[in-house]
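Here is a short briefing on a two-part model. Please look through the sequence and structure, then read the notes by topic.

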Amino acid sequence: MLRMQDVSKIYRTDTVETHALRQFSLQVNEGEFVSVTGPSGSGKTTFLNIAGLLEEASGGIYELDGRDVAGLNDSERSRLRNEKIGFIFQSFNLIPELDVFDNVDVPLRYRGFDAAERRQRIERVLDIVGLASRSKHLPSQLSGGQQQRVAIARALAGDPRFLLADEPTGNLDSQMADSVMELLTEINGAGTTIIMVTHEPSLAERAQRNIHVRDGQVFDGEPEIHLAAQTA
Amino acid sequence: MEFGPIWRALQRNKTSYVLIALQIAVTMAIMVNAINIIQERSEQMARPSGVDEANIFYLTSNIFDPEADVEAQIASDLDAMRNFPGVVDAIASNSVPLSGSGWSEGIRLEPDPNLESTGIGVFFADDHGINTFGLNLVAGRNFDPAEITWHDYESDTWPPLAIMTRAMVEELWPDEPYENAVGKTVFVHRTKPVQIIGVTERMQAAWNSWSGVERSMLVPEWRGSSFSRYVIRTEPGRRDEVMPQLEEMLAARFDNRIVRSVRTMEETRERSYLLDSSMVSILTFIVIVLTAITGLGIVGLASFSVARRTKQIGTRRALGATRPAILRYFMLENFLISTVGVVGGAIIAVGLNMWMVEAFGLQRIAWYLIPGAMLTLWFVGQVAVLGPARRATTVPPALATRSV
Ligand SMILES: Nc1ncnc2c1ncn2[C@@H]1O[C@H](COP(=O)(O)OP(=O)(O)O)[C@@H](O)[C@H]1O
Ligand SMILES: [Mg+2]
């Protein structure tokens, strides 16, 4: 479970103060698939970064998996990210000089798993994303859709509680986007909680719940898109 | 731990790293061989001459009056010098060790000119020779005053006695203890017999780069011509004070000659090894500069490599890398590059040395220079990469989502 209560985030530069999030409150339950929509600059990525412990909130309460993360030091946050969160990025963020196998291996090594366990996990997730035969390929030898699948495999390999995706299909054509969405739905079906930022209403619809962000706040007005059936 | 993926990543970016590894290798090869030369030169420079260097000086007395009684004048000079305050002893000789110019002869065990001879440096001296040079007589005896001859230029004579260095007699009779040389007769000037009456521990000849520099002998003769060289030993610490006084005294004694070329033994050593000591300085400078350049090269490459990979670093942080893990990554990466460099460097260093042994008769490198240079360059690499690696740890994890 993930809970935010009045979370704020202020970016300060010499001249400007940007309130990227203000009184941002939200709860995501175990097993949910939540889509986050909103105009550009509304704070979606900021929300995801705070949720994923990539950035610290300026104020408010954030509990991840029942634990208040305020006051954790950098190493503790790193470890928590590594164990509980899987990231999927718009531009895939694969490491270009590592092959598919080694890319999926990255978070597993930080986790400290032994070689046998890592191999077994890598093979399993590559199987899930359908790229078992490409483990020796470099990212540059794969299509965008395949690269994003590798990134999903990498995010999944450590069995995270949460999968956080920032515009995961933003760099893909609609066909590839579709298959990535299918994969995410499948993964969610297997129990992983997913929070996905997107500006594609059609993709957002495929989540169980949509959160609309405007000016750094969860928008309570007229829902712009139809919500999928609510789960308990 | 992470060696595998780091190594594979390096291999996919070979071109940028091969050059720095090569630079490390070349630096190491030059470092090892330069140090080898420095060691060899330093060892040569460290050899003692066998004489009391700190307290000896010498000068020339040049008599321009053709009517002068040279023998009487030398005897009188020696007497005056030996009684001069602060002087321990003095002789008239032809040369001093390491001066670069001297007299050499060939010694044979039989009076047969067809036999190979052993080269030896010659110092003419009287019974004060051992004391003036401060030599250590380890066997036999000194010359007796009655055994000193005045060299007659008309006749082809050679004094029948000699005191040789231990190195010389051991060269002549390698299988015998040096003491046994006392009493033996050898031949100089093809057929002239010379009996060895004493052995000194050490006295270098005039030429520091001669392989026989440790072989020399004292010959009981005054070879005064119009030109003579006086060697003077002072009481410890009084050399600089005595030198000008004695020069003045000699100049005042006779007005038929010129006293000049006053020089200390220490100065002579310095001049003798000038080339070697400048070589040592230059090579030391080269090694330091080269190592510094390589260190800076590593800093540059690592900075570039960190800058090029900021997004990747952010991604790694997002995936759970702690700051120490990022630091470790770049340190390990540098360690691997350096390892390739120093292993290549070891091979080039040995090859270069083998060539220099062959071409210039240089000594073999001491075994410890290779691991020593490897450790040094590993260390230099780790220090050089520390700055860029620490900068890498400051890349925020949020960069993963913020950069495109
Ligand atoms: N590091 C930063 N420094 C200053 N302002 C920032 C920074 N990151 C984001 N912002 C600002 O915060 C606001 C929200 O940004 P973001 O969360 O990226 O929006 P979205 O993902 O919805 O497009 C924007 O106005 C953006 O310019
Ligand atoms: Mg965004």
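**Sheet of chain A**

Strand S1 (residues 2–12) of chain A and strand S4 (residues 59–64) of chain A pair in the antiparallel sense, over five bridges. This is a predicted model: local features need pLDDT of at least 70, side-chain atom pairs count only at pLDDT 80 or more, and totals for chains, interfaces and linings use all residues. Residues are numbered from 1 along each chain as its sequence is written, chains are lettered from A and ligands numbered from 1 in the order in which they are written, and side-chain values use heavy atoms, with hydrogens and water left out.

- Strands (E, at least two residues) and helices (H or I, at least four) are DSSP runs, numbered from the N terminus. Two strands pair if DSSP finds at least two bridges between them.
- The open sheet has four strands in the order S2-S1-S4-S5 (chain A), with antiparallel pairing. Its edge strands, each pairing on one side only, are strand S2 (17–28) and S5 of chain A.
- Eight bridges link S1(A) and S2(A), in the antiparallel sense.
- Met4(A) has Leu26(A) as its bridge partner in S2(A). Met4(A) also stands opposite Tyr62(A) in S4(A).
- Helix H1 (residues 44–51) of chain A packs on this sheet, touching S1, S2 and S4 of chain A. The direction of H1(A) makes about 120 degrees with that of S1(A). Contact means heavy atoms within 4.5 Å. Angles run from 0 to 180 degrees between N-to-C directions, and axes are lines fitted to C-alpha atoms, for helices over the stretch in contact.
- S4(A) and strand S5 (residues 67–68) of chain A pair in the antiparallel sense over two bridges. Leu64(A) has Arg67(A) as its bridge partner in S5(A).
- The hairpin of S4(A) and S5(A) has two residues between the strands. There, Asp65(A) takes a positive phi near 55 degrees.

**Helix pair in chain A**

- Helix H3 (residues 100–111) and helix H5 (residues 144–156) of chain A pack at an angle of about 35 degrees. Their axes lie 8 Å apart.
- The crossing of H3(A) and H5(A) is right-handed. That term applies if the near helix is turned clockwise from the far one by less than a right angle.
- From H3(A), Val100(A), Asn103(A), Val104(A) and Pro107(A) meet Val150(A), Ala153(A) and Arg154(A) of H5(A).
- By class, this contact of H3(A) with H5(A) has five nonpolar, one polar and one charged residues. Ala, Val, Leu, Ile, Met, Phe, Trp, Tyr, Cys and Pro count as nonpolar, Asp, Glu, Lys and Arg as charged, and the others, Gly among them, as polar.

**Sheet of chain B**

- Chain B has an open sheet of four strands in the order S2-S11-S1-S12, with antiparallel pairing. Strand S2 (87–93) and strand S12 (257–264) of chain B are its edge strands.
- The twist averages 20 degrees from one strand to the next.
- Strand S1 (residues 56–63) and strand S11 (residues 227–234) of chain B run antiparallel, joined by seven bridges. Ile56(B) stands opposite Arg233(B) in S11(B).
- Helix H3 (residues 70–82) of chain B packs on the sheet and touches S1, S2, S11 and S12 of chain B. Its direction makes about 160 degrees with that of S2(B).
- Helix H6 (residues 239–253) of chain B also packs on the sheet, touching S1, S2, S11 and S12 of chain B. The direction of H6(B) makes about 170 degrees with that of S12(B).

**Interface of chains A and B**

- In this interface, 28 residues of chain A are in contact with 27 residues of chain B.
- The area buried between chain A and chain B is about 2,500 Å², with 52% given by carbon and sulfur atoms. Buried area is the accessible area (1.4 Å probe) that two parts lose on being put together, summed over both.
- The rule finds six salt bridges across the interface of chain A and chain B. A salt bridge is a side-chain nitrogen of Lys or Arg within 4 Å of a carboxyl oxygen of Asp or Glu.
- Glu97(A) forms a salt bridge with Arg309(B), with the closest N and O atoms 3.2 Å apart.
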